Each structure stands twice: as C-alpha cells, then as structure tokens.
Amino acid sequence: MRARSLSLAASAAALVLLQPGLAAAADDPSTTVTYTVTSGALTMSAPATADLGSGAPGTTVSAPIGAVTVIDNRALASASWTVTAAETDFANGPSTIPATDATYSVGTVTTTGTITATPTNVTLSTSSQTVLTGSDGVGDNTASWDPTVAVSVPAGTVSGPYTGTLTQSVA
C-alpha cells in the first residue's frame, strides 16, 4: 500500500512538471522587470485669513483658525518633520498687542499613512516655536489639525481692528 501511494504521488508530480508553461526550458527568454518609486515634496497648507471675533479690553478673544495640513510625499523609509509657528505683534495703527499675549493650541491631529504626530501648545512669540512634530514615519503621510489661537486683550487696549501675521512652516 505504501509503495502504491508513493508511485501515485510520483506520477502526479511528473504530470505537473510536464504541463506546458510550468517549467522553463533552457532556451526560454526571461525579462528583468524594474520600476522606480518617485518621491514628492514636504508641503503644508493653511488658511489665508482667520477672524478671532471681538472682545472688550481685559478679555480673551479666541477661535479655531481653520484646517492646517502637512503633506509628506517624500516616500522616505524613515520620515520625520517639524511644524513651527511665529506671530507678529497685533497692530491697530500705532496701538499694538504683543504676540506673546497670544496662544496656539493644536487640538486634535488626524493622520494618514504611518506617522506619529506629537502636538505642543505654545504661547506665541515673534520667534518660531515647535507646535507639532511628526516622527517614526514610513513612506507618504499627512497630518491635519484645526488650531485655536487665543489673544488676551490687555486692559488698556485702544478699540479697533487688530491684525497680525501667523507664520506656520514645516521642515
């Protein structure tokens, strides 16, 4: 019985080897197939304007400024990036409110791909400060958040519209 099972298995194996296309003959041509994975850039998008509303001297005005997104299309085996933010002083003619009277709160970060996003809430200043880091990334990835900017309006502030420039960048 054992010899018959081995003979049957050997016959089946021989049939498989004789099937057309399953075994390559010495004169069959072969083709080496190659391709290149291209990479893109590390970019960031943010709203062009944001309105925090209004408030009296001695209060805080605050609002989300809109979606900010980092897009990392560099296709790296070990991707990382850092987002920074800096604010100019807020001006209304000769009256100003220092940038340091404002805060930046990252809020919830949504990611795609493989990346670990770590937020840091900061008191803004005219110098760039880290607000979000991406680490342990692999390949393409994105991170999106809707930060809240809050400004403590000093008690002696002159009324009127104040404008400052929030600069966010990624590297």
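## E87 and its surroundings

Leaving out neighbours within four places in sequence, E87 is in contact with A99, L124, S125, T126, G164, T165 and L166, where contact means heavy atoms within 4.5 Å. E87 sits in strand β4; strands are DSSP runs of E with at least two residues, helices are runs of H or I with at least four, and both are numbered from the N terminus. Keep in mind that this is a predicted model, in which local features need pLDDT of at least 70, side-chain atom pairs count only at pLDDT 80 or more, and totals for chains, interfaces and linings use all residues. Residues are numbered from 1 along each chain as its sequence is written, and side-chain values use heavy atoms, with hydrogens and water left out.

So what does the side chain of E87 reach? It gets to the backbone nitrogen of T165, at 3.1 Å.

E87 is buried but has no salt bridge, and the nearest side chain of opposite charge, R74, is 25 Å away. Here buried means under 20% relative accessible area, exposed means over 50%, and partly exposed is in between (1.4 Å probe, protein chains only). For charges, Lys and Arg count as positive, Asp and Glu as negative, and His and the chain ends are not counted.

How many salt bridges are there by the rule used here? The count comes to one, with a salt bridge being a side-chain nitrogen of Lys or Arg within 4 Å of a carboxyl oxygen of Asp or Glu. The partners are D72 and R74, whose closest N and O atoms are 2.7 Å apart. D72 is buried, and its relative accessible area is 0%.

## The chain as a whole

Zooming out, the chain has one helix and 12 strands. Starting at the N terminus, the order is α-β-β-β-β-β-β-β-β-β-β-β-β. Among contacts with a separation of 6 or more, 74% are between residues 24 or more positions apart.

The chain has 171 residues, and 25% of them count as buried. Its accessible surface is about 10500 Å², with 56% belonging to carbon and sulfur atoms; the areas come from the Shrake-Rupley method with a 1.4 Å probe, and for residues only the protein chains shown count as cover.

## The nonpolar core

Which residues of the largest nonpolar core touch the most other members? They are Y104, W145 and V151, out of 24 residues in that core. A nonpolar core is a set of buried Ala, Val, Leu, Ile, Met, Phe, Trp, Tyr and Cys residues joined through side-chain atoms within 4.5 Å. At least two core residues come from each of β2 (60-64), β3 (68-72), β4 (79-87), β7 (102-105), β10 (129-145) and β11 (148-152). The top contributor is β10, which gives four residues.

S45 is in strand β1 (residues 42-45) and is partly exposed at 38% relative accessibility. S45 and V68 are 23 residues apart in sequence, yet their C-alpha atoms are 5.7 Å apart in space. Beyond its neighbours within four places, S45 is in contact with A67, V68 and T69.

G137 and S80 are 57 residues apart in sequence but 6.0 Å apart in space, C-alpha to C-alpha. Residues up to four places away aside, G137 touches L76, A77, S78, A79, T114 and I115.

## Two positive phi angles

Most residues other than glycine have a negative phi. A75, in the loop between β3 and β4, has a positive phi near 55 degrees. A75 is partly exposed, with a relative accessible area of 35%.

D136, in strand β10, also isn't a glycine and has a positive phi of about 55 degrees. D136 is exposed, at 59% relative accessible area.

How values were computed
Polar contact = N/O pair within 3.5 Å; in protein donor to acceptor, adjacent residues only side chain to side chain.
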